[in-house]
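Please keep the sequence and the model in view while reading.

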Amino acid sequence: MAAISFNPRLNVQGGRKNHGVVVEEIEGLIRIYGDGHVERPPIIPSAPCMVTNGVVSKDVAIEKFTNLWTRIYVPSYSSKMPLLVYFHGGGFCVGSASWRCYHEFLAALASKAGCIILSLNYRLAPENRLPAAYDDGINTLMWVKQEARNGANEHKWWLNQCRFSSLFLAGDSAGANIAYNVAIRSYGISGSSIKPLILKGIILIQPFFGGEERTISEMHATQPPNSALTLSVFDTYWRLSLPLGANRDHPWCNPLAERATTLRELKLPGAMVCISEMDILKDRNLEFCNALASAGKWVETRMYKGVGHAFQILHNSQFSQIRTQEMMSHLKAFINQ
């Protein structure tokens, strides 16, 4: 996979004079103007649906009103396969299920792990602040539940190969945050609400959690060049995605905050948490894993040495390829245990 470069010089400059003052910006990725206009320069190319390493992919509409859709990956296995619903990263504000970097990563994962993957294209902030992305995740599970019960002919190409008793929710960065919050909504309230789907586990890759009090890694982490997540970018994403007036101790940002439901009270399936050694989120991710374990939850923690945030997607480190293959093997084992 080719490396993805976040070069601000690739920015689209047009339109600035038409919409007033720029009030928020993450160079190369998103710009918000005083009149509410949002620009997202096409810095990362999209990939069309295609057959990749024997994996068939197709885009399927879920809800027209919110333009909710998913890219479905089906590998060529003869037996029924686990179902993994995946949420892409991007600080809740950027990203797409059609981005080439996600297409390549998920096609490879579907092939290696032998699972069907639904990669969700959820609504983005700031136009749709949280909990919009969580709502889209829940609506997707309800849609899969309905399709599984109805067995519509147009969806048999993937439904007939699903083992609905093995559902996993997964994501990276902000997508991991979404996977976690969708899990506690769907599984924590009533496990029967999504039958015939049975949630077996959650996979949180570099989960995007925060808090008002800084961690040591947030303040002092040594990051690789061209890091995808600096502290200023981290703060900007949260300002743009949390409900207006909320701070970073809101439970959607900080699951360990005083106002958050205690982990011991939550019903959660087994979790796998993937952490990058050079990620500013490292300490917060480790703290979350320790809290899960202390609350009696089953958690598998994996640390990837010498790489930073989103290395498996951006391939911006000399160790990225090796660590990505390690991650793939760990994901395969977790999904198929």
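## The contact of α1 with α9

In this predicted model, helix α1 meets helix α9 through F105, A108, L109, K112 and A113 on the α1 side and T324, M327, M328, S329, L331, K332 and I335 on the α9 side.

Helix α1 covers residues 100-113 and helix α9 residues 320-335; their axes come within 9 Å and cross at roughly 50°. The two helices are therefore oblique to each other, and the crossing of α1 past α9 is right-handed.

## Helix α1 itself

Several residues of α1 are buried, namely C101, Y102, H103, F105, L106, A107, L109, A110 and A113. An α-helix has 3.6 residues a turn, so residues three or four places apart point the same way. Among the buried residues, F105, L109 and A113 also take part in the contact with α9. Just after the helix, G114 adopts a positive phi of about 65°.

## I72 in strand β6

I72 lies in strand β6, which runs over residues 68-74. Is I72 buried or exposed? The relative accessible area of I72 is 0%, so this residue is buried.

Leaving aside residues up to four places away in sequence, I72 touches V56, S57, K58, V60, I116, I117, L118, W157 and W158. One of these contacts, V56, is 16 residues from I72 in sequence, with a C-alpha to C-alpha separation of 8.0 Å in space.

## Backbone features in the loops

Most residues other than glycine have a negative phi, and most peptide bonds are trans. The loop between β8 (116-121) and α2 (132-150) contains P126, and P131 is placed in the loop between β8 and α2 as well. The peptide bond from A125 to P126 is cis, with omega near 5°. L130 and P131 are likewise joined by a cis peptide bond, with omega about 20°.

Positive phi values occur at F92, near 70°, and at S173, near 55°. F92 is located in the loop between β7 (81-87) and α1; its relative accessible area is 2%, so F92 is buried. S173 sits in the loop between β9 (162-172) and α4 (174-189), and with a relative accessible area of 6% S173 is buried.

Technical notes
Residues are numbered from 1 along each chain as its sequence is written. This is a predicted model: local features need pLDDT of at least 70, side-chain atom pairs count only at pLDDT 80 or more; totals for chains, interfaces and linings use all residues. Side-chain values use heavy atoms; hydrogens and water are left out. Axes are lines fitted to C-alpha atoms, for helices over the stretch in contact, and angles run from 0 to 180 degrees between N-to-C directions. Helices (H or I, at least four residues) and strands (E, at least two) are DSSP runs, numbered from the N terminus. Angles under 35 degrees count as roughly parallel, over 145 as roughly antiparallel, 65 to 115 as roughly perpendicular and the rest as oblique. A crossing is left-handed if the near helix is turned anticlockwise from the far one by less than a right angle, and right-handed if clockwise. Contact means heavy atoms within 4.5 Å. Buried means under 20% relative accessible area, exposed over 50%, partly exposed in between (1.4 Å probe, protein chains only).
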